[in-house]
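Visitor: I am new to reading protein models. Please take me through this one, feature by feature.

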Amino acid sequence: MKELEDAIRKYGIGLGNDVVKVDMFLNHRIDTSLLMKMGETFADEFREDAPTLVLTVEASGIAMAVAAAAHLGNIPVLFAKKSATVVQTENMLQAQVYSFTHKTQNTIRVNRDYLPQGSRVLIIDDFLANGEATQGMIELCRQVGAEVVGIGIAVEKGFQDGGKKLREAGYKLRSMAIIDAIDDGKFVFREQ
Ligand code: 5GP
C-alpha cells in the first residue's frame with residue numbers, strides 16, 4: 001500500500017538492521033487518515049472470505065483491527081490480552097508467545113465465550129517478524145475450532161521468516177508493506 005510505504009519512508013526509523021519504529025503514525029501517535037485507509041484496504045482484501053470476527057493482540061493491533069472490522073460490516077473485534085486481571089480468571093483460552101521486541105515469553109488470553117466455535121476469523125496485527133504473535137492467535141482459534149480465514153499485517157519484515165512459514169502453511173496472508181532490508185537506516189520494500 002503506497003500510502004503506508006510513504007509514511008514508513010518519511011517517518012519510520014530503522015533501529016539497527018532488524019527493528020522498525022513507526023511510533024509517529026501507527027504505534028504511539030496514530031495517523032487516523034492512514035489508519036482508516038488501511039482498514040478499508042484490509043476489508044477489500046478479505047471481504048470475499050466472509051470473516052465474522054477480527055482477532056488481534058493488544059495494544060498496537062486494536063486500532064487497525066477496528067478500522068478493518070468497521071469496513072467489513074461492523075463485525076466484532078476481539079483483542080487478546082497480555083496480562084491476567086482479577087476480573088478475568090475463568091474461561092480464558094491461553095497461548096504462549098515469545099516477544100521479538102521485548103525478548104520475553106508472554107501468555108496471550110481471550111475469553112472463550114467471545115471466540116465461538118465456527119467463527120471465521122481474520123487476524124490483524126501491526127508487525128509480522130517471526131510470526132510468534134500470529135501463531136499464538138492461530139493457536140487460540142485452534143483450541144475452540146474457529147477457522148482462520150485470513151491474516152492481515154501492516155508491516156511484514158521479509159528478512160524474518162514469519163511470513164514465509166504462514167504462506168507455506170497455506171494461510172491467506174496480506175501485508176500492506178513488506179520490508180526486505182534495513183540498509184543504513186533506509187528501508188528496502190518488496191514489490192507486490
Ligand atoms: P512476531 O511475533 O511476528 O515475531 O513479531 C510481531 C510482534 O512483535 C508484533 O505484534 C509487534 O508488536 C512486535 N514487533 C516485531 N517486530 C517489530 C518491529 O520491528 N517494530 C515494532 N514496532 N514492533 C515489532
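Visitor: What do the buried residues of helix 1 pack against?

Guide: Packing is read from contacts, meaning heavy atoms within 4.5 Å. The buried residues of helix 1 pack against helix 2, helix 3 (32-46), strand 8 (147-157), strand 9 (173-183) and strand 10 (186-189). Helices (H or I, at least four residues) and strands (E, at least two) are DSSP runs, numbered from the N terminus. This is a predicted model, in which local features need pLDDT of at least 70 and side-chain atom pairs count only at pLDDT 80 or more, while totals for chains, interfaces and linings use all residues. Residues are numbered from 1 along each chain as its sequence is written, and side-chain values use heavy atoms, with hydrogens and water left out.

Visitor: Which residues of helix 1 are buried?

Guide: Buried means under 20% relative accessible area, exposed over 50%, and partly exposed in between (1.4 Å probe, protein chains only). In helix 1 (residues 2-11), the buried ones are Leu4, Glu5, Ala7 and Ile8. Seen down the helix axis, they fall within an arc of 160°, so they line one face of helix 1; the arc is that of the directions from the axis to the C-beta atoms. The face turned away from this buried side carries the exposed Lys2 and Lys10.

Visitor: Which residues touch the most other members of the largest nonpolar core?

Guide: In soluble globular proteins, nonpolar side chains tend to be buried together. A nonpolar core is a set of buried Ala, Val, Leu, Ile, Met, Phe, Trp, Tyr and Cys residues joined through side-chain atoms within 4.5 Å. Here the largest has 33 residues, and Leu4, Ile8, Phe25, Met38, Val54, Ile124 and Ile179 touch the most other members. Helix 3 gives the most to this core, with six residues. Leu4 has Phe25, Leu34 and Met38 among the residues it touches, not counting those up to four places away in sequence.

Visitor: Where is the cis peptide bond?

Guide: Look at omega, which is about 0° for the bond that joins Glu58 and Ala59. Ala59 is in the loop between strand 3 (53-57) and helix 4.
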